[in-house]
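Trainee: Please show me the model, and then let us go through its packing step by step.

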Amino acid sequence: MTEGTTSAAAEGADALTRLEQEGEIAADYLEGLLDIADLDGDIDMDVEADRASVSIISDTGTRDLQKLVGRDGEVLEALQELTRLAVHRETGDRSRLMLDIAGYRAKKRAELSELGAKAAAEAKSSGEPVKLRPMTPFERKVVHDAVKAAGLRSESEGEEPQRFVVVLPA
């Protein structure tokens, strides 16, 4: 191995360790919140796409956990920000941690990937840009990824909270 390869491997291991630490801090914080709210849930941690990922799941059904998702994921978004702040307080570093509760984000990701693929197909066939509804940053990222996978480009336009994706024809 060359010196550059060794240092790159060490940096990768350091990054993985840091992300695992973020997940541990987030899990501890969320365990405390679940205890306070008197809700049952298991916490699953992972590292996906260079960011810590934490999920709260339940064996007894997701009805109680839906309270933590809220309407259109609003409570989930707020909990994610609070969890990121808890990680920041402990590490001093900004966190890009993703939180999922009761599979809400996983389901949303699948729906948005399909929406992005359909918009890309429409842009290809019509030759015209396709404008989508306003979305959260998470939603836009998923759509951008789906459009890229379909071989097209997309851009975000507008100002929060009315920022939306425009799929551009080839």
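Trainee: Across which strands does helix 5 lie, and at what angle does helix 5 run to strand 5?

Mentor: This is a predicted model, in which local features need pLDDT of at least 70 and side-chain atom pairs count only at pLDDT 80 or more, while totals for chains, interfaces and linings use all residues. Residues are numbered from 1 along each chain as its sequence is written, and side-chain values use heavy atoms, with hydrogens and water left out. Helices (H or I, at least four residues) and strands (E, at least two) are DSSP runs numbered from the N terminus, contact means heavy atoms within 4.5 Å, and angles run from 0 to 180 degrees between N-to-C directions, with axes fitted to C-alpha atoms, for helices over the stretch in contact. Helix 5 lies across strand 4, strand 5 and strand 6, and its angle to strand 5 is about 160 degrees.

Trainee: In what order do the three strands of the open sheet come?

Mentor: Strand 4 (130–134) and strand 5 (153–157) are at the edges with a single partner strand each, so one side of each has no neighbour in the sheet. Two strands pair if DSSP finds at least two bridges between them. The pairing is antiparallel, and the order is 4-6-5.

Trainee: Which residue of strand 6 is the bridge partner of Lys131, and which is that of Glu155?

Mentor: Strand 4 pairs with strand 6 (residues 164–168) over three bridges, and five bridges join strand 5 to strand 6. Lys131 has Val166 as its bridge partner. For Glu155, the partner in strand 6 is Val166.

Trainee: Which residue in the turn of the hairpin of strand 5 and strand 6 has a positive phi?

Mentor: Six residues lie between the two strands of this hairpin. The positive phi is about 90 degrees, and the residue is Gly158.

Trainee: How many residues of strand 6 are buried?

Mentor: Buried means under 20% relative accessible area, with exposed over 50% and partly exposed in between (1.4 Å probe, protein chains only). Phe164, Val166 and Leu168 point one way from strand 6, while Val165 and Val167 point the other way. Strand 6 is largely enclosed by the rest of the structure, because its buried residues number five of the five.

Trainee: Are helix 4 and helix 5 parallel, perpendicular or oblique to each other?

Mentor: Helix 4 (residues 104–126) and helix 5 (residues 137–149) pack with axes 8 Å apart and at about 45 degrees. Angles under 35 degrees count as roughly parallel, over 145 as roughly antiparallel, 65 to 115 as roughly perpendicular and the rest as oblique. The pair is therefore oblique.

Trainee: How many of the residues in the contact of helix 4 with helix 5 are charged?

Mentor: Helix 4 brings residues including Arg105, Lys108 and Leu112, and helix 5 brings Phe138, Glu139 and Val142 among them. Ala, Val, Leu, Ile, Met, Phe, Trp, Tyr, Cys and Pro count as nonpolar, Asp, Glu, Lys and Arg as charged, and the others, Gly among them, as polar. The contact has seven nonpolar, two polar and, as charged residues, four.
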